[in-house]
Amino acid sequence: MTLSQLASIKRWLLLHSAAHGVELFAWNLVLTSWLMGWVGLPGTLLSGEWTALPLCFAASISPRCYVQVRRRLHRSGRLRCDWLTAI
């Protein structure tokens, strides 16, 4: 995902936070894990803690995985996701 797509989702959720507060909280958790993955990567590489490398990788792709899961659930009719139009 691009930064503009991440920002578009965040902007949509902020505009609709009264009706979608839980989704905003979940998206903030996803963005936090994404940031932790990217910030932790250099430290992991420099310190030689190779066991943390998969965690950094998983965290760095968390927004893409979250959007794919939400899109799949929306298409199957199990979960309504209004912010998909924002990306």
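Here are a few worked exercises on this predicted model.

**Exercise 1. Work out which secondary structure elements the chain has, and in what order they run.**

Solution. Start by counting: the chain comes to four helices and zero strands. Now read from the N terminus on, and you get α-α-α-α.

**Exercise 2. Decide how α1 and α2 are oriented relative to each other, and list who makes the contact.**

Solution. First, grab the geometry: the two helices pack at an angle of about 150 degrees, and their axes lie 9 Å apart. Angles over 145 degrees count as roughly antiparallel, so α1 is roughly antiparallel to α2. As for handedness, the α1 and α2 crossing is left-handed. Now the residues: α1 brings Leu-3, Leu-6, Ile-9, Lys-10, Leu-13 and Leu-14 to the contact, while α2 answers with Glu-23, Leu-24, Trp-27, Asn-28, Leu-31 and Trp-34.

**Exercise 3. Find the largest nonpolar core, then follow Trp-27 through its contacts.**

Solution. The largest nonpolar core holds 13 residues. Inside it, the ones with the most contacts are Ile-9, Leu-13, Trp-27, Tyr-66, Val-67 and Trp-83. Zoom in on Trp-27: leaving out residues up to four places away in sequence, it touches Leu-6, Ile-9, Lys-10, Leu-13, Pro-63, Tyr-66 and Val-67. Compare that with the α1 and α2 contact, where Trp-27 is one of the residues on the α2 side.

**Exercise 4. Classify Thr-44 as buried or exposed, and name what it touches.**

Solution. Locate the residue first: Thr-44 sits in helix α2. Its relative accessible area is 6%. The cut-off for buried is under 20%, so Thr-44 goes down as buried. Finally, pick out the neighbours, again skipping residues up to four places away in sequence: Thr-44 touches Glu-49, Ala-52, Leu-53 and Cys-56.

Key
Residues numbered from 1 in each chain as written. Predicted model: local features only at pLDDT ≥ 70, side-chain atom pairs only at ≥ 80, totals over all residues. Heavy atoms only, no water. Core = buried A, V, L, I, M, F, W, Y, C linked by side-chain atoms within 4.5 Å. Buried < 20%, exposed > 50% of the residue type's maximum accessible area, 1.4 Å probe, protein only. Contact = heavy atoms within 4.5 Å. Axes fitted to C-alpha atoms, helices over the stretch in contact; angles between N-to-C directions. Parallel < 35°, antiparallel > 145°, perpendicular 65-115°, else oblique. Left-handed = near helix turned anticlockwise from the far one by under 90°.
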